[in-house]
Amino acid sequence: MTFNNFTYSSFERRVYFGVGKVDLLPGLLKAYQRPFLITGSSLRPYAEALIRQVAPKPVVLFDEVIQHVPIQLVNKALAQFNTQKADVLVAMGGGSTIGLAKAIVKEVDMPIIAVPSTYSGSEMTNIWGIRGETGKTTGRMTAVLPKIVVYDPQLSLRMPLSLAATSAMNAMAHLIEALYAVDGNPMTYHQSLLGMKTLVEGMTQLAQEQALSLEANEQLLLGASLAGAALAEVSMALHHKTAHVLGGSFGMDHSKVHSVMQSYVLDYQWPFLSTRTQSDFQEVFQHEKPALQLRELSKAMGNPTTLEEINFRREDIPAAVEIMLQNPYPNPAPLSELGLTTLLTNAYAGILA
């Protein structure tokens with residue numbers, strides 16, 4: 001990355017952030033005739049309230065959400081969507097909910113209004129992902145980027161502590177890889193630093209209080225928003241490839257994989273990062289060894305810190321490495337069978353340099 005010769009592209013979207021912003025939804029839907037609302041069970045009361053508020057305008061409610069967005073669910077939702085002739089998609093929930101909306105919009109031209117309830121950051125990205133029979137396929141497409149994003153901390157405040165902790169680590173993963181992205185620039189670099197510092201503040205408070213307070217939640221939600229914006233503007237590397245492989249091909253929980261792997265991947269990348277980037281990581285985590293401090297912070301929030309803890313099988317490491325080496329992608333550290341085998345073995349056993 002250079003700081004005096006670069007190209008930067010951003011995206012058009014409108015963001016509302018603050019307590020009570022969910023009450024803006026009825027007004028935002030005035031321009032549409034037949035909303036298609038996707039949500040999971042945890043936010044169903046908010047969804048039902050919205051349906052009452054926009055009555056007699058018909059709202060189609062689709063309340064089936066599955067992690068990693070399996071193609072069978074996409075086809076089911078698309079069939080109902082096309083039958084109802086909706087003209088706007090409202091995705092109220094976590095990354096899987098918003099991911100399903102994106103999978104639909106990938107096939108039909110329709111705006112998305114995203115109302116996130118976790119820290120996935122998907123609402124700020126132009127990235128879609130669908131799990132098929134052979135694993136997870138992802139891509140970038142401007143059309144799937146939500147046009148409006150409504151952040152109301154009251155919705156994410158409902159998260160269980162364990163989900164808040166893993167979801168925060170999911171957001172942190174986006175910022176870490178954005179910091180050393182091959183196509184990064186000064187805007188994304190400093191945005192990522194701000195997001196990391198914001199997340200560390202919220203995560204530290206979460207770990208100390210062992211509860212999701214409104215103050216900590218607002219910090220985590222803002223950090224996650226910055227993480228999603230960075231993810232939309234630069235490429236990800238080894239960590240995200242690992243997460244997609246372990247999640248899409250081995251059925252591992254996405255957020256738990258993110259929580260476990262970040263410190264080990266950062267450790268793997270460390271010798272190949274610039275002195276400036278190393279120094280910035282050290283400043284964010286206030287530690288000489290950021291990977292170690294990141295793992296300790298994650299552990300203090302109650303997250304798992306090894307692949308063994310999340311039931312990944314050691315005997316699956318060779319198969320995972322083989323998939324991780326497919327479709328070459330830019331990464332700070334060289335990618336090899338031996339290197340990636342060591343990475344996953346260390347993550348399984350809990351070994352950091």
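1. Which residues of β5 are buried on one side, and which on the other? Ile112, Ala114 and Pro116 take one side, while Ile113 and Val115 take the other, and all of these are buried, leaving both faces of the strand covered. Bear in mind as you look around that this is a predicted model.

2. Next, the neighbours of β5. Strand β4 (residues 88–93) pairs with β5 in the parallel sense, over five bridges. Within that pairing, valine 90 has isoleucine 113 as its bridge partner in β5. Strand β8 (residues 148–151) also runs parallel to β5, and two bridges join them. Here isoleucine 113 turns up again, standing opposite isoleucine 148 in β8.

3. How does the chain get from β4 to β5? Look for helix α4, residues 95–105: together with β4 and β5 it makes a right-handed β-α-β unit.

4. You'll find it in the loop between β3 (60–62) and α3 (71–84). Is histidine 68 buried or exposed? Its relative accessible area is 6%, and the cut-off for buried is under 20%, so histidine 68 counts as buried. Its side chain reaches the backbone oxygen of methionine 252 at 3.3 Å. Leaving aside neighbours within four places in sequence, histidine 68 is in contact with a list of residues including Ser96, Gly129, Arg131, Lys136, Gly248 and His254, as well as Met252 itself.

5. Now for helix α6, residues 161–179. The helix has 19 residues and reaches 27 Å from its first C-alpha to its last, close to the 27 Å expected at 1.5 Å a residue. Of those 19 residues, 16 are buried, so α6 is largely enclosed by the rest of the structure.

6. On to charged side chains. The count of salt bridges comes to eight. One of them joins arginine 44 and glutamate 48, at 2.8 Å from N to O. Both residues sit in helix α2 (residues 44–54), and because they are four residues apart there, about one helical turn separates them. Arginine 44 is partly exposed at 29% relative accessible area, and glutamate 48 is partly exposed as well, at 33%.

7. Arginine 44 has another partner: its side chain meets that of aspartate 63 in a salt bridge, 2.5 Å from N to O. Aspartate 63 lies in the loop between β3 and α3 whereas arginine 44 is in helix α2, so this pair ties together parts that are 19 residues apart in sequence. Aspartate 63 is partly exposed, with a relative accessible area of 42%. Through shared partners, salt bridges join Arg44, Glu48 and Asp63 into one network.

8. Finally, the start of the chain. Phenylalanine 3 sits in the segment before β1 (14–17), and is partly exposed, with a relative accessible area of 31%. Beyond its neighbours within four places in sequence, phenylalanine 3 is in contact with Pro186, Tyr189, His190 and Arg276. Between phenylalanine 3 and leucine 338 there are 335 residues of separation in sequence and 34 Å in space, C-alpha to C-alpha.

Technical notes: Residues numbered from 1 in each chain as written. Predicted model: local features only at pLDDT ≥ 70, side-chain atom pairs only at ≥ 80, totals over all residues. Heavy atoms only, no water. Buried < 20%, exposed > 50% of the residue type's maximum accessible area, 1.4 Å probe, protein only. Pairing = 2+ DSSP bridges. Right-handed = clockwise from strand over helix to strand, strands pointing away. Polar contact = N/O pair within 3.5 Å; in protein donor to acceptor, adjacent residues only side chain to side chain. Contact = heavy atoms within 4.5 Å. Expected span 1.5 Å × (residues − 1). Salt bridge = Lys/Arg side-chain N within 4 Å of Asp/Glu carboxyl O.
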